[in-house]
Amino acid sequence: MKRKLKIAIVGGGSTYTLGLIKSLIAEKESFPLRELVLFDQDEQRQRIIADAAAILLKEQYGGNLTFRSTTNLESACKDADSIFVQIRTGGLEMRELDEKIPLSHGVVGQETCGPGGMAYGIRSIKDMTDLVRDIRAISKDAWILNYTNPAAIVAYALKREFPDDSRILNICDMPIAIMVSYAKLLGVDIWDLTADYFGLNHFGWFTKIEHKDGTDYTERLKELIIEEGFRPEDEEIANDVSWQETFAQARQTLLDFPEYLPNTYLQYYLYPDKIVEKSNPTSTRAQQVIEGRQKRVHDMCRRIVTAGSASAEDLKADIHGIFIIRAAASLAYNLKNRYIVMVENNGIIPNLPSDAIVEVPALLTANGIHAFAVGEIPVFHKGLIEGQYAYERLVCEAYFEKDYRKLLQAMTLNRTVVDADKAKRILDDLQKANEEYWPSFQ
């Protein structure tokens with residue numbers, strides 16, 4: 001019988017928490033819990049989720065699981081085996097500005113890419129580095145699974161501040177979410193597929209998709225995507241206009257650059273003008289989440305609490321939660337499973353800088369993360385990645401050194417901007433909007 005674990009979820013008030021808890025229920029045999037604790041600084045927001053979660057767990061988890069929520073980090077993290085981190089500094093209100101301000105200058109407005117991603121990244125660095133420092137004062141050995149966005153900037157900053165901490169795993173569910181679509185196109189189980197992949201977070205390519213029986217599906221997938229497009233597993237995504245446009249653009253990316261299967265986020269860097277052209281500054285993604293997903297989740301939580309039961313709700317385990325839980329299980333039980341994660345390069349891709357945080361396949365073991373060598377990559381992909389790496393590094397250096405010049409360099413380098421005068425104007429507006437969160441840049 002597997003050892004039962006204590007798990008803390010930092011950012012317990014997230015609208016993704018209930019789906020993550022449903023995933024913990026689905027995975028309870030392979031990832032058994034003795035205690036689950038939600039932590040959030042916003043007690044009121046967390047309470048909406050926690051009250052519903054308590055009912056859901058009582059009905060569907062069974063056993064002797066202890067569940068509670070708290071605003072005390074030490075209480076949440078003490079004796080934890082794994083700590084899942086999903087914070088959003090500034091909330092959805094600041095995300096809305098991250099999207100609207102760049103769009104007002106004719107530039108991509110997106111929460112992890114371009115100027116919006118830079119603004120969010122600078123807000124996230126302080127909270128994430130402070131959080132990890134506080135967690136390590138409470139627990140030196142817990143695995144920290146971080147999936148806070150923008151993951152590339154956050155991961156680079158954490159590696160800079162905690163270079164010897166080998167128990168931080170920076171992780172993103174976008175590659176596995178894309179693979180869900182691949183599995184649906186092929187008519188196979190997602191967990192029977194393995195991928196070869198290289199890049200930076202939200203900036204990479206699949207080079208091979210293989211079934212456990214040895215079948216290489218890479219070329220067949222390219223044909224299916226070009227012929228039929230994507231087939232999202234998640235009904236919410238399948239019916240979402242912005243996701244329909246994203247998958248259509250991924251198909252076009254494959255037509256234009258057929259060497260590898262692209263991460264969908266590449267659309268923002270390869271086709272920025274097209275993205276801006278079809279964006280609506282009066283209806284950003286943040287507004288859609290506030291009025292859509294957030295409202296739906298909070299309304300569902302209130303229905304669960306009113307009914308005293310979650311049985312009437314159509315709540316499913318999602319790929320986001322299952323992926324993170326299976327990664328945590330591999331670390332906790334030394335399963336040595338293979339997942340796409342973020343690690344310091346150190347020769348994995350020899351023709352990229354050694355300190356770049358690359359996203360590649362790795363074995364997750366109780367003794368650490370062991371990435372597979374990728375080898376040298378082609379000039380086109382190398383050139384794109386080096387520019388993006390320089391941007392990410394300069395954002396982090398600008399934050400820690402309080403250096404405005406480096407911030408302007410980063411903004412100018414980003415493929416969604418590439419114009420120094422425009423970069424200055426956007427940067428001025430972002431500084432004003434983030435006075436409460438950003439340091440004073442000199």
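Author: Helices here are DSSP runs of H or I with at least four residues, strands are runs of E with at least two, and both are numbered from the N terminus. The model is predicted, so local features need pLDDT of at least 70 and side-chain atom pairs pLDDT 80 or more, while totals for chains, interfaces and linings use all residues. Residues are numbered from 1 along each chain as its sequence is written, and side-chain values use heavy atoms, without hydrogens and water.

Reader: What makes a space a cavity or a pocket?

Author: A 1 Å grid is laid over the protein atoms alone. In a cavity, a 1.4 Å probe fits but cannot get out. A pocket is an open set of points with protein on both sides within 12 Å along at least five of seven lines. Lining residues have an atom within 4 Å of a point.

Reader: Which residues line the second largest cavity?

Author: Ala 152, Tyr 156, Leu 200, Ala 356, Ile 357, Tyr 389 and Glu 392. Helix 6 and helix 15 each supply at least two residues of this lining.

Reader: How do the residues of that lining divide by class?

Author: Six are nonpolar, none polar and one charged. Ala, Val, Leu, Ile, Met, Phe, Trp, Tyr, Cys and Pro count as nonpolar; Asp, Glu, Lys and Arg as charged; the others, Gly among them, as polar. The lining of the largest cavity has seven nonpolar, four polar and one charged residues.

Reader: Why does Asp 81 count as buried?

Author: Buried means under 20% relative accessible area, exposed over 50%, partly exposed in between (1.4 Å probe, protein chains only). Asp 81 has 18% relative accessibility, so Asp 81 counts as buried. Asp 81 sits in the loop between helix 3 (73-77) and strand 4 (82-85).

Reader: What joins the side chains of Asp 81 and Arg 3?

Author: A polar contact of 2.8 Å. The term means a pair of N or O atoms within 3.5 Å; within protein, one must be able to donate a hydrogen and the other to accept it, and residues adjacent in sequence count only if both atoms are side-chain atoms.
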